[in-house]
Amino acid sequence: MAELTLPQNSKVQKGKEYPLENECENKKGFSIYRWSPDDDENPRTDYFEIDLSKCGPMVLDAIIKIKNEIDPTLTFRRSCREGICGSCAMNIDGVNTLACTKSIDDVKGDIRINPLPHQPVVKDLVPDLTNFYEQHKSVQPWLKTKTDQPEKEWYQSKEDREKVDGMYECIMCACCSTSCPSYWWSPDKYLGPAALLQANRWIKDSRDEFKEERLDELDDAFKVYSCRTIMNCAKSCPKGLSPAKAIADIKKELATRK
Amino acid sequence: MANKNKIDTIERPMSPHLQVYKISFTMMMSMMHRVSGFVLYLGSFLFLAWYISIFFGQESYNFVNQLFSFSIIKFALFLFTWVFFHHLFGGIRHFIWDFGLGFDLNSVEWLARLTALFSFLSASLLWLL
């Protein structure tokens with residue numbers, strides 16, 4: 001059954017405020033979720049103000065600035081700062097996205113930043129994605145074949161290669177899965193948009209010879225069919241992909257195969 | 001202060017979800033589809049009451065009809081027809097999706113709008129006739 005509210009230890013309280021000392025023209029406020037395992041406090045929301053004329057254009061620039069200049073304990077994942085590693089996925093202004101590709105100017109007023117929704121929190125904006133990675137592993141996202149290894153490589157025509165367009169670009173940032181209410185309510189049974197997109201990527205791969213077995217594995221009341229086409233996944237994907245479409249493709253394969 | 005750095009033993013908070021996620025129109029429509037399905041189930045008892053009243057003869061039939069003509073109950077019946085059409089058109093929307101069509105973000109938005117619009121129009125039309 002869906003738990004619509006947060007458990008007692010997860011209720012978010014009002015936190016500290018770090019206003020700018022001098023008024024400036026390009027002031028921007030950031031309300032950021034904080035939680036640390038080192039004390040027994042509930043999570044809280046801290047409020048930071050920064051001068052945008054001394055900051056880069058992206059939300060990631062802003063939180064790095066806050067970490068460097070205001071509160072060095074602010075914790076988040078980041079690496080490539082160009083939308084390819086998927087580390088800085090978080091909930092910004094109510095929608096999951098990558099902090100490094102989200103422009104500060106896109107948000108009017110203060111910017112609310114939370115960790116990816118409905119996940120155990122390791123610290124501040126860092127969620128524990130163990131379950132997410134386990135599910136990815138469970139769809140066996142690698143090439144599986146029955147025929148003998150060819151002498152050179154496994155060939156694929158241009159046309160066949162195009163069949164995995166819109167899926168191979170996935171960077172596994174978890175924005176889609178953690179945006180999905182179905183995934184929130186049954187993270188143990190429903191595989192979630194990201195894992196299913198990956199599953200479909202291998203189902204559609206012309207070189208893979210385990211299509212039927214892959215479909216058998218997915219043919220379950222919850223793994224695929226918990227998708228209600230709410231469309232949060234496609235709307236939040238920072239790479240512009242559509243896990244919803246991939247899931248519909250899997251359902252179609254399941255319904256039409258003999 | 002206890003050392004809680006062992007990942008497995010810490011009681012971790014759950015990050016906020018419904019509390020912070022921006023509610024989109026398609027999210028609303030999905031909820032409405034679920035709710036309307038449930039209301040349809042409840043509303044079918046009204047029809048049952050109507051049929052059963054026929055079984056008990058003219059008098060009880062008139063009584064139920066009278067009950068249904070109260071404006072507040074009439075309004076509830078109107079809502080029920082709206083819910084009926086909402087679920088019907090929502091079903092058609094899902095049927096289109098089952099063919100793997102209409103998944104780009106524009107179509108998704110339009111399908112949702114059309115479902116809302118047509119459900120309201122159909123319900124109104126039925127009551128005007």
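These legends describe close-up views of a predicted model.

**View 1. Chain A as a whole.** Chain A holds eight helices and eight strands. Its C-alpha atoms fill a box of roughly 70 × 40 × 30 Å, taken along the principal axes. Of the 258 residues in chain A, 39% are buried. Now take the contacts in chain A between residues at least 6 apart in sequence. In 67% of them, the partners are at least 24 apart.

**View 2. Where chain B meets chain A.** Here 40 residues of chain A are in contact with 27 residues of chain B.

**View 3. The length of helix 3 of chain B.** Helix 3 of chain B has 28 residues. At 1.5 Å a residue, the helix should span 40 Å. After helix 3 of chain B comes Gly100(B). The phi of Gly100(B) is positive, near 80°.

**View 4. The buried residues of helix 3 of chain B.** Two tryptophans are buried here, Trp82(B) and Trp97(B). Phe85(B) and Phe89(B) are buried too, as are His86(B) and His87(B). Val83(B) and Gly90(B) complete the list. What do the buried residues of helix 3 of chain B pack against? Within chain B, they pack against helix 1 and helix 4. In chain A, they pack against helix 8 (243–256).

Notes. Residues are numbered from 1 along each chain as its sequence is written. Chains are lettered from A and ligands numbered from 1 in the order in which they are written. This is a predicted model: local features need pLDDT of at least 70, side-chain atom pairs count only at pLDDT 80 or more; totals for chains, interfaces and linings use all residues. Helices (H or I, at least four residues) and strands (E, at least two) are DSSP runs, numbered from the N terminus. A residue is buried if 20 or more other C-beta atoms lie within 10 Å of its own, exposed if 12 or fewer, and partly exposed in between; C-beta atoms are placed from the backbone. Two residues are in contact if their C-beta atoms, placed from the backbone, lie within 7 Å. The expected span of a helix is 1.5 Å times one less than its number of residues.
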